[in-house]
Amino acid sequence: MNTTHFHGDLVYTNRIIYTATTFAKNNLIHLQEAGTTQALQPHKSTRSKLSSYLFFIVKKGSGTLEYNNQTHYIKTGDCVFIDCKKEYSQCSSLNLWEIQWVHFYGPNISNIYKKYIERGGLPCFSTSHYTSYEDILTTIHTIAKSDDYIKDMTIYSKLTELLTLLMSDSWHKNKFKKLPNTKRNLQTVKEYIDTNYSDKLSLDTLSEQFFINKYYLTRLFKEQFGLSLIDYLLHVRITHAKQLLRFSNLSIEKVGIQCGIPDANYFTRIFKKLEGTSPKEYRKMW
């Protein structure tokens, strides 16, 4: 439903209220609403306990967002990404703003947002990708108004593109460039793991190998690569295990040994945890 309406004399909103199919609601990240809002007077809007995630850009003007007991001052070119289950308030300043926004939801979106926060994602941020965000929001609005018979899937692809861009912006590499020079670049550690994953590697052995305190190594590796060192090592090992399971006749026990996990029971447990299936079942699938 495409609606253009006023909220008294406070705002002018051009909104699409969208009803996704049952399939989309159960399986996809799906659209709830999309639109633009132009403030006609300074105003405050408060909402909470919505099963929705909100992303918006400030096209012009400025205002504030109250979220998580903090007040964020936002201006033209800034972005906002929040979980609407939590109470939030938007307030335009005297420099009346215009915002373009989308509400969406779906399976696993809470875990995606959790990962966004873990990576350093902020509820409000400036970006060099403003035009890309604007294009995505405009395209979603256009698709929602269309008669495209696969528009739930098309909207899903654009929402996924939006989330991918948000994940990219959440990884604040600039922060790491500004860290003191004593901070080490751990690319050599990562490359060592990539090459020697089949060896008996651990946090302690790598700490000794590279003369880095293991607690410092753990924190710094996650800062630079987004995964803990041990999680990265396991992902590398399981990736190589999948290759051997598909393209060799080695027994499952020998696959584990070649990938640096000689305990067959532990190998099976870790493989199933990461892949959702056992090594034996994975091999049958291919």
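This is a predicted model: local features need pLDDT of at least 70, side-chain atom pairs count only at pLDDT 80 or more; totals for chains, interfaces and linings use all residues.
A residue counts as buried here when its relative accessible area is under 20%.

Helix α8 runs over residues 214-225, and its 12 residues reach 16 Å from the first C-alpha to the last, close to the 16 Å expected at 1.5 Å a residue. Which residues of α8 are buried? They are L217, L220 and F221. These three cover an arc of only 105 degrees around the axis, so they sit on the same side of α8. There's a simple bit of geometry behind that kind of pattern: an α-helix has 3.6 residues a turn, so residues three or four places apart point the same way. As for what the buried residues of α8 pack against, the partners are α6 (187-196), α7 (203-209) and α9 (229-247).

Now look at the two ends of α8. At its start, a side-chain oxygen of N213 reaches to within 2.9 Å of the backbone nitrogen of Y215. Just after the helix, G226 takes a positive phi of about 80 degrees.

Is F211 buried or exposed? With 75% relative accessibility, F211 counts as exposed, since the cut-off for that is over 50%. N68 also has a positive phi of about 55 degrees without being a glycine. N68 lies in the loop between β6 (62-67) and β7 (70-75), and its relative accessible area of 46% makes it partly exposed.

Helix α6, one of the packing partners of α8, contains Y192. At 24% relative accessibility, Y192 counts as partly exposed. Leaving aside residues up to four places away in sequence, Y192 touches L201, L206, Q209 and F210. Y192 and Q243, on the other hand, are 51 residues apart in sequence and 20 Å apart in space, C-alpha to C-alpha.

On to the strands, and to some polar side chains. Q100 lies in strand β10 (residues 98-105) and, at 7% relative accessibility, counts as buried. What does the side chain of Q100 pair with? A polar contact of 3.1 Å joins it to the side chain of T138. Beyond four places away in sequence, the residues touched by Q100 include G35, T36, F55, E134 and L137. In strand β2 (residues 11-17) you'll find T13, which is buried at 3% relative accessibility. The side chains of T13 and T37 are joined by a polar contact of 3.3 Å.

Finally, the aromatic rings. The structure holds 14 aromatic pairs. One of them joins F125 and Y133: the ring centres are 6.3 Å apart and the planes stand at 65 degrees, so the pair is edge-to-face. Both partners are buried, F125 with a relative accessible area of 7% and Y133 at 0%. Elsewhere, ring pairs link Y53, F81, F104, Y105, Y113 and Y116 into a cluster.

Terms used:
Residues are numbered from 1 along each chain as its sequence is written. Side-chain values use heavy atoms; hydrogens and water are left out. Helices (H or I, at least four residues) and strands (E, at least two) are DSSP runs, numbered from the N terminus. The expected span of a helix is 1.5 Å times one less than its number of residues. Buried means under 20% relative accessible area, exposed over 50%, partly exposed in between (1.4 Å probe, protein chains only). The arc is that of the directions from the helix axis to the C-beta atoms. Contact means heavy atoms within 4.5 Å. A polar contact is a pair of N or O atoms within 3.5 Å; within protein, one must be able to donate a hydrogen and the other to accept it, and residues adjacent in sequence count only if both atoms are side-chain atoms. Rings of Phe, Tyr and Trp (its six-membered ring) pair if their centres lie within 6.5 Å; planes under 30 degrees apart count as stacked, over 60 as edge-to-face and the rest as tilted.
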